[in-house]
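Let's explore this structure together, one question at a time.

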Amino acid sequence: MTSPSPGLRLASLSKSLGGRTIIDDLDLTVERGELVSLLGPSGCGKTTTLRMIAGFLRPDAGTITMAGRDVTPLGPEKRPSAMVFQNYALWPHLTVAKNVAYPLRLRRLPRTEVAERVDAMLRLVNLLHHRDSRPPRISGGEQQRVALARALVQEPDVLLLDEPLSNLDAKLRVRVREDIRDLQQRLGITTVIVTHDQEEALSISDRVAVMNAGRIEQFSTPAELYARPATEFVATFIGALNRFEGAFDGTRVIPGHDVVGIRPEHVSFTPVPMPGGLRAVVDRVVPHGHFNELRLRRDDVTLSAYVAGPAPQIGSVGFAAVSSALVYRDGRLLERAEAVPA
Amino acid sequence: MPRAISAVLRTTGATAFAITLLVFVLGPLLWLGAHAFAGSWTYPNLLPDSWTLRWWQTVFTDPALGSSVQNSLLITPIVVIASAAVCLPAAYAFARFEFPGRRLFLIGLFATNAFPRMGLFATLASLYYALGLMNTIAGVVIVQLLGTIVFMTWIPAAAFVAVPRSLEEAARDAGASRARVFLTVTLRLALPGILVGAVMAFLAAFDEAQGTYLVGAPDILTMPTEMYSLVLNYPKQVAAVFSILLAVPSVVLLLAVRKHVMGGQLAEGFQIK
């Protein structure tokens, strides 16, 4: 699957800061034109990794290769990467057009060519009308697009985005997310996004690297990540999970030494007895629009279930059945167990 | 209508306060201004007995006074430039680097203000004799520079600190060398603060009299040190004229930089989220 020279390759990267190991022997390969997210809780090392890729931090060990070229010893100004900063980092004393022109002016391009490329880029991100505005005067979403234009105008081999949506409000976030994905696809640019928002990562990435404590727990497609989380950490970090200690016998959780994870959508609930169904009481109903989240209780165990259709009465009794469960031993996926048809 | 009465009282009170304040602030200036143009002014006349430009002529034709103006206008800019050359790199270092003794050095800059100036200058004088700096321009420049260090370090350091690091990183990421980043981003954004520091330094150097007198007199006299002999040897109208001249550079300078100091750019620039 790996081509001879991928867009970006990190090989056995390590970094310690202040005596603490932040990144521990990390490997990551991003194919050309691929969009990869680094996803993880705060402090997992994803931002450190991005800053090493951009060249702001020097790794203690390991190499960084961009489009087949080893860039490890190069500073950020020499790397064929461009970064969009979390707070956009636009220069307040320059107009929007001059912000975007800055990287081109450094390359000593003729004035007319600079103007043409800046205009073309501003047209691409739909900001031509703000060409002469100063960054503080435009909205957060527009500032974001200026930052993106300033990065893209450099025609980088690798585009880096640090929490690109965290400063935008919820509505705008979905739109800008689609815009970024759309641009990335059109330009076919190798892209790495750092985010702590799993929905963001799963919705725009070709592949997601879930990070925890300086290591990559799993690196795969969003669908695979959700369906077969390789570690217990990934299973709990992505999506909702009912977590039990024990073993799964095909119908129910029985005493054991493993960890059984059950996604709420793999639990069904009916008021009438069904094969493999376990008697449970409805404790709480949380409406989510097109489905309801039920909190079911059986003795002192609670189980969350996502169920379509009309919500049962709180306090009513019914039967819950599990269709599939994830079983982890020592934190690693042992099997994805499907229910045994009774 | 008690409300109307209290409103009238309040207005009257406020007006009286404003007038008192105005007299308090402007009174001495008016007195000074009147004296500069007064032929003679005898008690109990409210206005001078006669008006004249004679005192201005005296000042402008007196070679000693003229040379003091020249000295001031030559030495002060040198001091500001030398101070910038010494202090701005220090300010940048204080703002951007963590080094052992950083806080000690930062506080230490106030040391010159912590002791009686005259004691400091007396000690300095013995050093100056040894180095042959007495009665030299260089000696005066160094003495005046001492008083500018705090302004030229602390204020620009605060301005450098206020430049977000990500703005510098963005420039490096765009392909700019460190020097280029400093010139086009850091220095440019810290400029209003540096300008304020420079103005403060200019005023401090321009007004410095004690050390300048000790080191420079009798050969190198600046405007403030010349004031000493004016007050003693000339009619007070000449001193009034000279006071006004002494105020001119400060006022001109403050008006010139008002836009940068008070303008919104400094505040506005850093509100970027």
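Q: What share of the 273 residues in chain B is buried?
A: This is a predicted model, so the values here are computed from it. A residue is called buried if 20 or more other C-beta atoms lie within 10 Å of its own. In chain B, with its 273 residues, the buried share is 32%.

Q: How far apart are the end C-alpha atoms of helix α5 of chain A?
A: Helix α5 of chain A covers residues 170–187, which is 18 residues. At 1.5 Å a residue, the helix should span 26 Å. The model agrees, because the end C-alpha atoms are apart by 26 Å.

Q: Within what arc do the buried residues of α5(A) fall?
A: The buried residues of α5(A) are Arg177(A), Ile180(A) and Gln184(A). An α-helix has 3.6 residues a turn, so residues three or four places apart point the same way. Seen down the axis, the buried residues of α5(A) line one face of the helix, because they fall within an arc of 65 degrees.

Q: Which elements of chain A do the buried residues of α5(A) pack against?
A: The face turned away from the buried side carries exposed residues, including Lys171(A) and Glu178(A). On the buried side, the packing partners in chain A are β3 (35–39), β8 (190–195) and α6 (198–204).

Key:
Residues are numbered from 1 along each chain as its sequence is written. Chains are lettered from A and ligands numbered from 1 in the order in which they are written. This is a predicted model: local features need pLDDT of at least 70, side-chain atom pairs count only at pLDDT 80 or more; totals for chains, interfaces and linings use all residues. Helices (H or I, at least four residues) and strands (E, at least two) are DSSP runs, numbered from the N terminus. The expected span of a helix is 1.5 Å times one less than its number of residues. A residue is buried if 20 or more other C-beta atoms lie within 10 Å of its own, exposed if 12 or fewer, and partly exposed in between; C-beta atoms are placed from the backbone. The arc is that of the directions from the helix axis to the C-beta atoms. Two residues are in contact if their C-beta atoms, placed from the backbone, lie within 7 Å.
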